[in-house]
Amino acid sequence: MQGHSGQIQVIQWNDQYHKLTTSDEQGLIIVWMMHKHSWYEEMINNRNKSVVTDMKWTPNGEKIGIIYEDGAVIVGSVEGNRLWGKELKINLSLLEWSPDSRSILFGTPDGAVNVYDYVGNFLFPVKIFCLRGLEGREMPLAAIEWYDSNRQGFLYEDLDENAA
Amino acid sequence: MQLMRKETDDRPILVDTGMAIKSVKWNPNGNVLAVAGSYSDSNVDGKGTVQFYNAYGVHLRSLRVPGTSGIVSSLSWEGFGLRIGLAVDSNILFANIQPEYLWSYFNNTLVFAFKKPERQDMCVVFWDTVINEKHVKYMRRL
């Protein structure tokens, strides 16, 4: 698979639509699809500004959320249409969709996490307790991972609601 | 690290891993959380470590990561949750996950149970280890 000339920074599968999405240090995003046992570039996008810090497909694979270091957010459809965009004017490092794809979480490097609805309206901040007493220390937000409790796997015990 | 039941959870479970965390991933079942990171103090043997927790933040296992730096830059679960892949320096390392099966052995027969993704009940396999024959039964509320 050739297409990037810079270091790869984010790789995400779209399980439902069998696509792979990659981005590099120059801000180039490639959506790959497999055809006859080979990978092809299906879509290419470069905002020519800033770098992609995170991108994630909704659990149903219909939409992709892309965030840039400079605070830009782009949500696109699996067909390749741009659905909406926003400039949040803060550094963004991580993004996560709710399991029902109705809300989207944005994380900043200093540990703030905000909830937006699926069209980009700010809803509320997530209360972060684990950084209390650690203010001022160099501890960038490492991950936001939301598990869908409706996705019953090989559970050996029952979980109460969903754990984020 | 905080584990929340929902995005408005006012009482999340707080877990101090003692590590600088690099990557966190739920297993496909959602009952194990893998947390990769490194210890900054040098008296801990092997800097890079993957800690495994259950969904309530109870520590299950630690996995020391070999490699020059030992720093895990990324981790990923295999679709069945029986393996994890770790990106360490220029290597990809694989680790096998052994879940705690319900099992028993009697009369040359090994009985073990697990859950299939598409079913709500438990799949119980009776394996006669002498004639090497397997019988499968499904049971609810095992």
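Here are a few notes on the predicted model shown above, point by point.

1. Ground rules. Residues are numbered from 1 along each chain as its sequence is written, while chains are lettered from A and ligands numbered from 1 in the order in which they are written. As this is a predicted model, local features need pLDDT of at least 70 and side-chain atom pairs count only at pLDDT 80 or more, whereas totals for chains, interfaces and linings use all residues.

2. Chain B, make-up and spread. You'll find 13 strands and zero helices here (DSSP runs numbered from the N terminus: H or I over at least four residues for helices, E over at least two for strands). The radius of gyration of chain B is 19 Å, well over the 14 Å that the globule rule gives for 142 residues, so chain B is more spread out than a compact globule. That radius is taken over C-alpha atoms, and the rule is 2.2 Å times the number of residues to the power 0.38. Along the principal axes, the C-alpha atoms fill a box of roughly 55 × 40 × 25 Å.

3. Take the contacts between residues at least 6 apart in sequence: 24% of them join residues at least 24 apart (a contact puts the C-beta atoms, placed from the backbone, within 7 Å).

4. Chain B, the β10-β13 sheet. This open sheet has four strands in the order β10-β11-β12-β13, with antiparallel pairing (strands pair if DSSP finds at least two bridges between them). At its edges are β10 (102-106) and β13 (133-139), each pairing on one side only. Twist averages 20 degrees from one strand to the next (axes are lines fitted to C-alpha atoms, with angles from 0 to 180 degrees between N-to-C directions). Inside the sheet, β11 (residues 109-115) and β12 (residues 122-128) share seven bridges, and B:Phe112 stands opposite B:Val125 of β12.

5. Chain A, the β1-β4 sheet. Chain A has an open, antiparallel sheet of four strands, ordered β1-β2-β3-β4. The edge strands are β1 (8-14) and β4 (38-46), and the twist averages 20 degrees from one strand to the next. Strands β2 (residues 19-24) and β3 (residues 28-35) of chain A pair over five bridges, with A:Thr21 opposite A:Val31 of β3.

Conventions: Contact = placed C-beta atoms within 7 Å.
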